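Subject: A structure for you to look at

Hi there,

I'm passing on a structure for you to explore, with some notes on what turned up. Could you open it and follow along as you read?

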Amino acid sequence: MKFLMAPPNLVELEARITDAIGHLDSRESLSLLDRLAGEAPDYYRAHMEMEHTIPSPSGVMRCLKQQYLKATGVEEETEIPAAWWKRAAMGTLLEPFWFAVLRMAGLDLELWNNSIACGPHMRGYPDAAIGAGGLLELKDKTGFAFKRILEAGDLHVGEERDYYQTQSYLHGTGRDWTLYVASPADPGMLQSQLRNYKAYGPTYELPLVYMEIVYPNEAAIAIVMGRAATLTGCLERKEVPPCEFAWQSPLKRDGRKSWPRGYCPFPSYCGGE
C-alpha cells in the first residue's frame, strides 16, 4: 500500500513518548508547553463552539432511537453522573498536553480547527493532522475501557464506536491512516487493580498508552454512512426508529446496569417501536 506519508513505527513512537514525558522539565519542553498554554484559551473556545450534528461521527453507532430522540429535543430522563462530565472535561483539557508530548516525540502535528463533511449527513472534527497523510485521534478512557482495548489488541473489537469514528474522519478527509492514542484516566489505580489478577501478576507494568494505526475500511465506512442516512431519513419523515437494544434487559443478573441499554438516557422510550 502506497501512502503520501508512512505511519510511524509504534514501538519507536512509544519509546519516544516515554522519553518526552520523562523530560517535561527540560528547557525545550517548558518552552513548548508555555506556547501551548498561551494558545489554550483559543483552542478551548473553538472546541466549545464546534458544530455538533446528529448523526455525528462519535455517536452514529449509538442506538438509532436514542439519537432520534436527542435530535428532536426530547428531554433526557436520567441525570448524567458528575464523574462523567468531569472525565469528558479532563479529556479536552489534556489534549494540549498530548499535543506537546507527541510533538516532542517527533510527530508533525497541526491542530484541526474546522469541521469536515463526513459523507452527506454528518460533520466532524478530527483532533489533528499528522504530516501530509495522517490523522490523530486522542482518547481519555476509563480504566475499564482501557483494559478492554488492551486485552482486545484491536480497536474494532475493543472500542467499536471509536473505530467507526476514525473511519468517518478518514472518509471525510481522504487521508491514508489515523494514529489512535488512548490513555487511562488513572493509570496508577488501574495498574494496581490489574496486578491483583492472576493473568497479570504482581509485577505487571501498565502501558502508558494504547496506540494503533487505523486504515480506511470500505465496509466499515459503508456501515457508518448507511446508519447516518437511515437516521437522517427518519428525522426528515418524522418517523421514530425502533430501539436497537429492545432485546436487552436494563439490568444484569447481579443487579448492575447492562451496557448499553442500562445507560439509556430515555428509559421510558426504550424497548418499543
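Let's begin with Trp-259, which counts as exposed because its relative accessibility is 52%. (Buried means under 20% relative accessible area, exposed means over 50%, and partly exposed is in between, using a 1.4 Å probe and protein chains only.) Two notes before we go on. This is a predicted model, where local features need pLDDT of at least 70 and side-chain atom pairs count only at pLDDT 80 or more, while totals for chains, interfaces and linings use all residues. Residues are numbered from 1 along each chain as its sequence is written, and side-chain values use heavy atoms, with hydrogens and water left out.

**The overall picture**

The protein has 9 helices and 7 strands. Helices (H or I, at least four residues) and strands (E, at least two) are DSSP runs, numbered from the N terminus. Of the 273 residues in the protein, 43% are buried. If you take the contacts with a separation of 6 or more, 74% of them come from residues 24 or more positions apart; a contact means heavy atoms within 4.5 Å.

**Rings**

Tyr-263 is partly exposed, at 34% relative accessible area. The charged end of Lys-257 sits over the ring of Tyr-263, 5.2 Å from the ring centre. To count as sitting over a ring, NZ of Lys or CZ of Arg must be within 6 Å of the ring centre and within 35 degrees of the ring normal.

How are two rings compared? A pair of aromatic rings is described by the distance of the centres and the angle of the planes. Here, rings of Phe, Tyr and Trp (its six-membered ring) pair if their centres lie within 6.5 Å; planes under 30 degrees apart are stacked, over 60 edge-to-face, and the rest tilted. That rule gives 6 aromatic pairs. Among them, Phe-97 and Trp-98 are edge-to-face, with 5.3 Å from centre to centre and 75° between the planes. Phe-97 is partly exposed at 27% relative accessible area, whereas Trp-98 is buried at 9%. Then there is the pair of Trp-259 and Tyr-263: the ring centres are 5.6 Å apart and the planes are at 55°, so this pair is tilted.

**Helix 1**

Helix 1 covers residues 10-22, and its 13 residues should span 18 Å at 1.5 Å a residue; its end C-alpha atoms are 18 Å apart, so the two agree. (The expected span is 1.5 Å times one less than the number of residues.)

Which residues of helix 1 are buried? They are Leu-13, Ile-17 and Ala-20. These residues lie on the same side of helix 1 because they cover an arc of only 65° around the axis, where the arc is that of the directions from the helix axis to the C-beta atoms. Val-11 and Gly-22, on the other side of helix 1, are exposed. The cover over the buried residues of helix 1 includes helix 4 (82-104), strand 6 (177-184) and strand 7 (210-214).

**Helix 3**

Helix 3 (residues 64-71) is mostly covered, with 6 of its 8 residues buried. The buried residues are Leu-64, Lys-65, Gln-66, Gln-67, Tyr-68 and Leu-69, and what covers them includes helix 9 (218-237). After helix 3 comes Gly-73, which has a positive phi, near 85°.

Look next at Lys-141 in strand 5 (residues 134-141). Is Lys-141 buried or exposed? It counts as buried, because its relative accessibility is 9%. Its side chain makes a polar contact with the side chain of Asp-162, at 2.9 Å. (A polar contact is a pair of N or O atoms within 3.5 Å; within protein, one must be able to donate a hydrogen and the other to accept it, and residues adjacent in sequence count only if both atoms are side-chain atoms.) Leaving out residues up to four places away in sequence, Lys-141 also touches others, including Phe-146, Tyr-180 and Pro-184.

Leu-138 lies in strand 5 and is buried at 9% relative accessibility. Leu-138 and Glu-95 are 43 residues apart in sequence, with their C-alpha atoms 7.3 Å apart in space.

**Gly-124**

Finally, find Gly-124 in strand 3 (residues 123-124). Gly-124 is buried, at 3% relative accessible area. Pro-57 is 67 residues away from Gly-124 in sequence, and 6.2 Å away in space from C-alpha to C-alpha.

Happy exploring!
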